[in-house]
Amino acid sequence: MTHEAPPSPSTALRPALPSPLQETGDERFTSRGLRLLLKRDDLIHPDLPGNKWRKLTPNLEAAAGRPVLTFGGAYSNHLRAVAAAGRLLGFDTIGVVRGDELAGRPLNPSLAQCAADGMRLHFTDRAAYRAKRDPVVLARILREAAGDSAPDDVYMVPEGGSNALAALGCADLGRELGREPCGAGSGAGGGAHVVGVACGTGGTLAGLAAGLPRGRRAIGFPVLRGGFLGEEIRALQRAAFGGPAGDWSLDERFHFGGYARTPPELDAFAADFEQRHGLAVERLYVAKMLYGLTALAEEGAFPAGASVTAVITGRPAP
């Protein structure tokens, strides 16, 4: 079966690139001689904001009009972005959703939006979902989820959108920051001294670090527990760039109990940040990264005169 390739996302959807870099006065940083800047990737596109745009665009180019199958939980930003891309560009989408117990329940607002955008939802049991990297399990999921489409006619994007193509797409984020003048204290050539980004599956950090100029470093703030992400990022960099790329590290102290956990302390911090700076703060990823950068600043982790850039990878779900 052949598929007519949809128009290129980069031309058809008119992304706002490069995304704005905004300085924001925050005394928790300025009192220590630091500058806090916000890389507003959440403004790239209304339906594919932030790292979703950067990770998905090269994969959609590779899909060339084939149905796109991907994976996510019941509140997955990634599933919503893939479904929206399918609606906007005119290709079929299939979402494999963790939790077969959800199949008989009313769709939550996130999955309802996916369905409204034309995504076919396939609910799979949690044990199979965890084992989806096993070739036998994956083949069964693909057969069940693909329906009328032959499994080998479907383009598969992994959970969270993180693969080698995604890392290559996210390298543009580092290159954009390298071209942005940060003014006094930013070092020769401009750009950010330190860049913070929230991490789910690691693709954004893998590419960001690779794209940053020499002398800049990236800090990832995992939103899941487990300590597994470092090896995932190293594997992504091997696949995308042939080996280690850029200066990066992880600070795993700020997951607040794991994915989708937003205790009162985190919510209070995010609400305060919103009031200070007029930015709607997404809680599952962005709030944890901002909290982590603020804690590091207060701990004296950054030298006076440094610029600290926070990548705003998304905005609150409707």
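In this predicted model, the structure contains 1 cavity of 30 Å³ or more. The largest cavity has a volume of about 30 Å³. Its lining is formed by Gly 200, Pro 222, Leu 224, Arg 225, Gly 226, Gly 227, Phe 228, Leu 229 and Glu 252. By class, 4 of the lining residues are nonpolar, 3 are polar and 2 are charged.

The sheet was examined next. An open sheet is built from 6 strands, in the order E1-E2-E10-E7-E8-E9, with mixed pairing. From one strand to the next, the twist averages 25 degrees. Helix H8 (residues 164-179) packs on this sheet. H8 touches E1, strand E2 (35-39), E7 and E10. The direction of H8 makes about 135 degrees with that of E2.

Strands E7 (residues 194-199) and E10 (residues 307-311) pair in the parallel sense, over 3 bridges. Within this pair, Gly 196 stands opposite Ala 310 of E10. A further helix, H10 (residues 229-241), lies across E7, strand E8 (217-222) and E9. H10 runs at about 155 degrees to E9.

Several loops show backbone features of note. A cis peptide bond joins Leu 17 and Pro 18, with omega about -5 degrees. Pro 18 is placed in the loop between helix H1 (9-12) and strand E1 (21-24). Ala 64 is not a glycine, yet its phi is positive, near 50 degrees. This residue lies in the loop between helix H3 (50-63) and strand E3 (68-72). Ala 64 counts as partly exposed because its relative accessibility is 35%. Phe 256 also has a positive phi, about 55 degrees, without being a glycine. Its place is the loop between strand E9 (248-250) and helix H11 (264-277). Phe 256 counts as buried because its relative accessibility is 16%, under the 20% cut-off.

Thr 294 belongs to helix H12 (residues 286-298). At 4% relative accessibility, this threonine is likewise classed as buried. Neighbours within four places in sequence aside, Thr 294 is in contact with Arg 28, Phe 29 and Phe 269.

Methods. Residues are numbered from 1 along each chain as its sequence is written. This is a predicted model: local features need pLDDT of at least 70, side-chain atom pairs count only at pLDDT 80 or more; totals for chains, interfaces and linings use all residues. Side-chain values use heavy atoms; hydrogens and water are left out. On a 1 Å grid over the protein atoms alone, a cavity is a set of points where a 1.4 Å probe fits but cannot get out, and a pocket is an open set with protein on both sides within 12 Å along at least five of seven lines; lining residues have an atom within 4 Å of a point. Grid points are joined across faces, edges and corners, and a volume is the space filled by probe spheres set on the points. Ala, Val, Leu, Ile, Met, Phe, Trp, Tyr, Cys and Pro count as nonpolar, Asp, Glu, Lys and Arg as charged, and the others, Gly among them, as polar. Helices (H or I, at least four residues) and strands (E, at least two) are DSSP runs, numbered from the N terminus. Buried means under 20% relative accessible area, exposed over 50%, partly exposed in between (1.4 Å probe, protein chains only). Contact means heavy atoms within 4.5 Å. Two strands pair if DSSP finds at least two bridges between them. Axes are lines fitted to C-alpha atoms, for helices over the stretch in contact, and angles run from 0 to 180 degrees between N-to-C directions.
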